[in-house]
Amino acid sequence: MGHQISRRTFLQGATFLGVYGGLLGLGLTGCAPKTEQQAAAEWKSGLYGTEVMGHNAPFMMNVTFSENAITGIDISAAQESLGVGAFALEDLSNKVMEFQTLQYDTVTGATVSSMAFTQGLEECAKQAEALKALKDAPAPEEVIESEYTADVCVIGGGGSGLAAAISAAQAGAKVIVVEKCGITGGSTNVSEGALNAVDPERQQRQGIEDSIETFYNVTMEGGHNLGDPTLVHYLTDNALEAVHWLEALGVKFKDDCGSATGSLGERSHYPATPSGNTYIRSFQDFVKNNVDSITLLHEMQVTALNLDSAKAITGVTASYRGQKEVVINAKSVVIATGGFGANVEYRQKVNTGVWSSVKLDSSIGCTNIKPCAQGEGLGLAEKAGVELIGLSDIQLHPCGTPGTGLMEDIRTSGRNRIFVNKQGSRFVNEGAERDKLCQAIFAQPDSTYWIVVNKLRYPSTTEPDGNGSTIENMLALKHIVTGSTIEELAKATETEAANLQKAIDGYNAVVAGEAADEFGFKAGNTADKQMTEGPWYACRKVPTVHHTMGGIRIDANCRALDTAGTPIKNLFACGECSGGIHGSNRLGGNAIADCMTFGRVAGAQAVMNAKA
């Protein structure tokens, strides 16, 4: 059946489909025609501004009005996350400029940013005496078909889902991606983007000794030898191909490999531009240039996998904004719905593994975008006969922000940093696996600690780090503290200066090869250097739920399997919703490697199945 994408749904994927290509990323939109309704009463023309509280920080929002229209919206001061809050602000700005109305929906997945935008717009409109007219203006017309048809339907428009969709399109399939949020890219947007792969070209130039065998061994050992050897071999053998595939799509990586937190090696490839949103931007470019092959439907919550009388998958049923039922008929379906780390009730229910002694209630946050980490795909798969495995294998990360659990500000990844407790003393090998790091943190007073860095990590206060943060902004937001000397930093962190100095000296002695570390830290990384000069910076951290290793049982072809190991016909899975790859602890940098490596497989295999 042919289908028509509504203008509104189309605009939800504006970055994808290029509707506002010339305006996105500038923070400023301008010029729109007046409507008859608005022309009936003149507004107070001029530039009006107000400060609003975004998700990440307060920012000034400025709106320009003519006598009968909004002619410009400036959100350039916002510090929202790329692909999430930043996308919502731009998307809503473009909608308002296009339709001259306050009748629009918030962007699912970026609700706080959406509400901040609306608050700012209403305040400025009130000053311009345009509020009533904008509220009375009609909402854009929505046209959503009740039925669509494709070769492959991908559930989830995050990193792995888009990798699968693009892989399928490259193999000649017609693909529909259904995404429940209004943003594209899911939690990949807020990841650091580290992708582990053995890369002789980069690593040999850096003097790094590595091998696929080593990568396989540390992945198995890091997961306490509970990973499926076949899946782990496929991951470690093919991760570099995923790097090259991404580069062919336009992703640019840094010249040197680094070390993600708990990576157990120096093989992490980081995007040259901030965060995992880099991958999503390249994926968006591909989709924009291949609209005949890939259709992206936002705000579509899949409610069921459709089966025929032989229990073969025939497509999905979804709900558009909870208001209209939509059926997507497809010869193959790929589940790529992410993990369940933000689903507090579910994670407590299955928490019988390594963290059974910790109550994973709402007091412990999550690094992922909340709507993107609810685990709905697991329930869909289970109802279709799929076996779920390893659900108790939940990973905590040491880089949580107190109160939210989000990974923000100074990160634990990389080198040249120490972890100290409230007394100012080191208590763990900073290069250890994530589960060991978090276990050590829970043993500290108030289960918290400070990450301490210096000018070695941040030589400039205004130069953005790999995640787009600057010391200047972090200090202005009071997310970190600073001191020109160790004594000043100790005062700022309310720790003991003598302990803090001892911690720094001990770390430096290990780096200099003058002593063995009591906690087992080894300075075997090419980036390791002594920390000697101020200014010094510290950021308080707590453990946070980061990844759920269990999920849909798959084979190396990403086919979803039942309890007997038999594939469910026409059903595939990839990314964090799948299980068996990481054992009971995932290495830092292996999630993106997993998403891209197995996402490509899922897409290609789904096409082969559809054409069989």
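User: How much space lies in the second largest pocket?

Analyst: About 780 Å³. This is a predicted model, where local features need pLDDT of at least 70, side-chain atom pairs count only at pLDDT 80 or more, and totals for chains, interfaces and linings use all residues. Residues are numbered from 1 along each chain as its sequence is written, and side-chain values use heavy atoms, with hydrogens and water left out.

User: What counts as a pocket, and what as a cavity?

Analyst: Both are found on a 1 Å grid over the protein atoms alone. A cavity is a set of points where a 1.4 Å probe fits but cannot get out, while a pocket is an open set with protein on both sides within 12 Å along at least five of seven lines. Lining residues have an atom within 4 Å of a point. Grid points are joined across faces, edges and corners, and a volume is the space filled by probe spheres set on the points.

User: Which residues lie nearest the centre of the second largest pocket?

Analyst: Lys254, Ser413, Gly414, Arg415 and Arg457, out of 31 lining residues. By class, that lining has eight nonpolar, 13 polar and 10 charged residues. Ala, Val, Leu, Ile, Met, Phe, Trp, Tyr, Cys and Pro count as nonpolar, Asp, Glu, Lys and Arg as charged, and the others, Gly among them, as polar.

User: How many cavities of 30 Å³ or more does the structure hold?

Analyst: One. The space in this largest cavity is about 690 Å³. It is lined by 46 residues, and Ser187, Thr188, Gly338, Asn368 and Glu576 are the closest to its centre.

User: Which elements give two or more residues to that lining?

Analyst: α7 (159-170), β10 (300-307), α13 (376-383), β18 (536-548) and α18 (590-611). Helices (H or I, at least four residues) and strands (E, at least two) are DSSP runs, numbered from the N terminus. The lining of the largest cavity divides into 16 nonpolar, 23 polar and seven charged residues.

User: Zooming out, how many helices and strands does the chain have?

Analyst: 18 helices and 22 strands. The radius of gyration is 25 Å, close to the 25 Å from the globule rule for 612 residues, so the chain is as compact as a globular protein of that length. That radius is taken over C-alpha atoms, and the rule is 2.2 Å times the number of residues to the power 0.38. The C-alpha trace spans about 80 × 65 × 45 Å along its principal axes, and buried residues make up 58% of the 612.

User: What share of the contacts with a separation of 6 or more links residues 24 or more positions apart?

Analyst: 73%. Contact means heavy atoms within 4.5 Å.

User: Back to single residues. What does Val84 touch?

Analyst: Gly109, Ala110, Ile183, Asn189, Val190 and Ile369, not counting residues up to four places away in sequence. Val84 is found in the loop between β4 (70-74) and α4, and is buried, with a relative accessible area of 8%. Val84 and Ile369 are 285 residues apart in sequence and 8.8 Å apart in space, C-alpha to C-alpha.

User: And Asp465, buried or exposed?

Analyst: Buried, with a relative accessible area of 16%. Asp465 sits in the loop between β16 (449-454) and α15 (471-476). It touches Asp409 and Tyr458, leaving out residues up to four places away in sequence.

User: What about the backbone: which peptide bond is cis, with omega near 5°?

Analyst: The one from Gly534 to Pro535. Pro535 lies in the loop between α17 (497-511) and β18. Most residues other than glycine have a negative phi, and most peptide bonds are trans.

User: What is phi for Gln100 and Glu299?

Analyst: Phi of Gln100 is near 50°, and phi of Glu299 is about 55°. Gln100 is in the loop between α4 (85-99) and α5 (111-127) and counts as buried at 1% relative accessibility. Glu299 lies in the loop between β9 (294-297) and β10 and is buried, with a relative accessible area of 4%.

Terms used
Buried means under 20% relative accessible area, exposed over 50%, partly exposed in between (1.4 Å probe, protein chains only).
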